[in-house]
Amino acid sequence: MGQMGAAWMNLASLLLGLAAWALPLTGLALRKKARGWVAAGLVVLSGLFCALALYLQICYQNHLVEIGDISAILDTAGPLVLVAGVLLGVTAVLDVAVLGTVCGEAVKEA
């Protein structure tokens with residue numbers, strides 16, 4: 001698989017997970033400017049990046065199965081489940097916070 005092997009999947013997954021959190025945080029920080037379609041776009045992209053990060057982890061686990069590295073699968077399965085749950089949970093909370101902020105602002109203006 002080349003010099004970097006399959007490690008790029010872990011690095012890309014980490015970066016996508018961080019981006020999944022950074023986008024709604026940006027929306028919250030810029031709540032006066034990030035409204036309507038902008039806020040919705042940030043939430044959609046955040047969810048997409050979260051899904052891609054998790055997909056890459058599934059692909060990496062598949063790679064470990066293909067090369068027969070059972071010890072790596074056994075060593076990483078528990079932490080992977082924990083980290084995936086944290087990624088999903090935090091992403092969902094941040095995305096809901098952005099939507100709640102945008103909806104709250106829209107109600108105040110009406």
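This is a predicted model: local features need pLDDT of at least 70, side-chain atom pairs count only at pLDDT 80 or more; totals for chains, interfaces and linings use all residues.
Visitor: Where is the place of D95, and which residues is D95 in contact with, leaving aside neighbours within four places in sequence?

Guide: Helices here are DSSP runs (H or I, at least four residues), as strands are (E, at least two), numbered from the N terminus. D95 has its place in helix α3. Contact means heavy atoms within 4.5 Å. With neighbours within four places in sequence left aside, D95 is in contact with P24, V43, S46 and G47.

Visitor: How do I read a nonpolar core, and which residues make up the largest one?

Guide: A nonpolar core is a set of buried Ala, Val, Leu, Ile, Met, Phe, Trp, Tyr and Cys residues joined through side-chain atoms within 4.5 Å. The largest one here has 12 residues: A6, M9, L16, A20, C50, A53, L56, Y60, L64, A72, I73 and L87. The elements giving two or more residues to this core are α1 (7–29), α2 (36–67) and α3 (70–109). From α2 comes the largest share of this core, five residues. There is also a second, separate core of five residues, with A39, V43, L94 and V98 among them.

Visitor: What does M9 contact, leaving aside its neighbours within four places in sequence?

Guide: M9 is in contact with L56, Q57, C59, Y60 and H63, once those neighbours are left aside.

Visitor: At what angle do α1 and α2 pack, and how far apart are their axes?

Guide: Axes are lines fitted to C-alpha atoms, for helices over the stretch in contact, and angles run from 0 to 180 degrees between N-to-C directions. For α1 and α2 the angle is about 165 degrees, and the axes are 8 Å apart. Angles under 35 degrees count as roughly parallel, over 145 as roughly antiparallel, 65 to 115 as roughly perpendicular and the rest as oblique. The two helices α1 and α2 are therefore roughly antiparallel to each other.

Visitor: Is the crossing of α1 and α2 left-handed or right-handed?

Guide: A crossing is left-handed if the near helix is turned anticlockwise from the far one by less than a right angle, and right-handed if clockwise. The crossing of α1 and α2 is left-handed. Residues making the contact include W8, M9 and L23 of α1 and L42, F49 and H63 of α2. The residues of the contact of α1 with α2 divide into 17 nonpolar, seven polar and no charged.

Visitor: Which residues does F49 touch, not counting those up to four places away in sequence?

Guide: F49 lies in helix α2 and touches L16, A19, A20 and L23 on that count. With a relative accessible area of 22%, F49 is partly exposed.

Technical notes
Residues are numbered from 1 along each chain as its sequence is written. Side-chain values use heavy atoms; hydrogens and water are left out. Buried means under 20% relative accessible area, exposed over 50%, partly exposed in between (1.4 Å probe, protein chains only). Ala, Val, Leu, Ile, Met, Phe, Trp, Tyr, Cys and Pro count as nonpolar, Asp, Glu, Lys and Arg as charged, and the others, Gly among them, as polar.
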